[in-house]
Amino acid sequence: MWQVVGQDRVISLLQRSLERGMLAHAYLLVGPPHVGKMTLALNLAQALNCEAAERPCGKCVSCEKIAAAGHADVQIISLAPGENAAEAKPQAEISIDRIREIQHSASLPPFEGRYKVFIIDGAEFLSVEAANCLLKTLEEPADKVVFILLTANEHLLLTTVVSRCQRLELIPLSASEMETVLSSRWGIEPPKAKLLARLSRGCLGWALSAALNDGLLQQRAEKLDRLLEVARSDNEERFAYAAQLAAQFAQNRGAVQEVLALWLDWWRDLLLVKIGCQDMVTNVDRADTLVEMAKGYSPAQIRHFIASIQAAGEQLRQNANPRLVLEVLMLDMPGKEGRGGESPAARVSVKNG
Ligand SMILES: [Zn+2]
């Protein structure tokens, strides 16, 4: 059976293609991190090579080998070991040599299964040369070869590559669907299921890793504590925090974007509390703190800072100077010495002048 949860539309489309033998030579699975792209890709590889009548069965030798990453005809190509897409440094990429290797492999017939399947995880990390090289293969598809490209950032892929693939979009689950799945299928107790459902933004993979590994929730708790500390502190401490984040950004962009996502959730929660929608907050385990903190701000101040956090995230994605962006964000934060309301540009010029 298909292991992916909540992607019924995509699964029924693939199921129909399998039944009719009308498969694409290349698929592009699009969706946020941990939404289930790799699970679906492996399921499709299983379905293509499964020995049972109901494919994928998950139990035959072929299905088991694929699940254990031990099938000779199913290869996963990703960033170098130790790097993953969510934490990748800007210069990280999948090299042309890796693509040449798979081109060679794709030219040979399947070794033990019916189809050769190449899963490219983090397809946005293909170097330009690698993507162009892959394009040639996609333009002249070989029989019994299926490429599955996975990406969380479709806009970073060459449009020529995208146009050669059948695009399938994976949609995050709603918080209530996720809560139900976590308690009914994985037996997670209700309060934790509720918290994980909200924090995971609909991505089951994240919720399950957090359920199995307390470290993730612990890290979140530490980051939230730091956030609250910074919100209560003066500009000097806020700048020290900005400098610390900027230094971290040079090492790991994804981690800093995660911190900003946490901030965004927190300030959106404050706004929800402010407008009387407390039952919709993400940080359900900190409801009392949210209520207390929301008393200190006007809805306009909160909205202004939410826009600032979004702007900072966007500027960092566009390679603006991280230290400057984060210092402006600190100045935008309402609170002890913050002067929320002025335009960030005005404040940068004051600071530099
Ligand atoms: Zn099977």
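Guide: Two strands pair if DSSP finds at least two bridges between them; strands (E, at least two residues) and helices (H or I, at least four) are DSSP runs, numbered from the N terminus. This is a predicted model, in which local features need pLDDT of at least 70, side-chain atom pairs count only at pLDDT 80 or more, and totals for chains, interfaces and linings use all residues. Residues are numbered from 1 along each chain as its sequence is written, and side-chain values use heavy atoms, leaving out hydrogens and water.

Visitor: What makes β1 and β5 a pair?

Guide: Four bridges join β1 (residues 26–30) to β5, and the requirement is at least two, so the two strands pair. They run parallel, with Tyr27 opposite Gln166 in β5.

Visitor: In what order do the five strands form the open sheet?

Guide: The order is β2-β3-β4-β1-β5, with parallel pairing. β2 (74–77) and β5 (166–169) stand at the edges with a single partner strand each, so one side of each has no neighbour in the sheet.

Visitor: What does helix α4 touch in the sheet?

Guide: Helix α4 (residues 96–106) packs on the sheet and touches β2, β3 (116–121) and β4 (145–151), where contact means heavy atoms within 4.5 Å.

Visitor: Where is confidence lowest in the protein chain, and where is it highest?

Guide: On the pLDDT scale, the predictor's confidence in each residue from 0 to 100, helix α16 (residues 344–352) is lowest at a mean of 41, while β1 is highest at 98. Over residues 337–353 the pLDDT is below 50. Where pLDDT is low, the predicted coordinates should not be read in detail.

Notes:
Axes fitted to C-alpha atoms, helices over the stretch in contact; angles between N-to-C directions.
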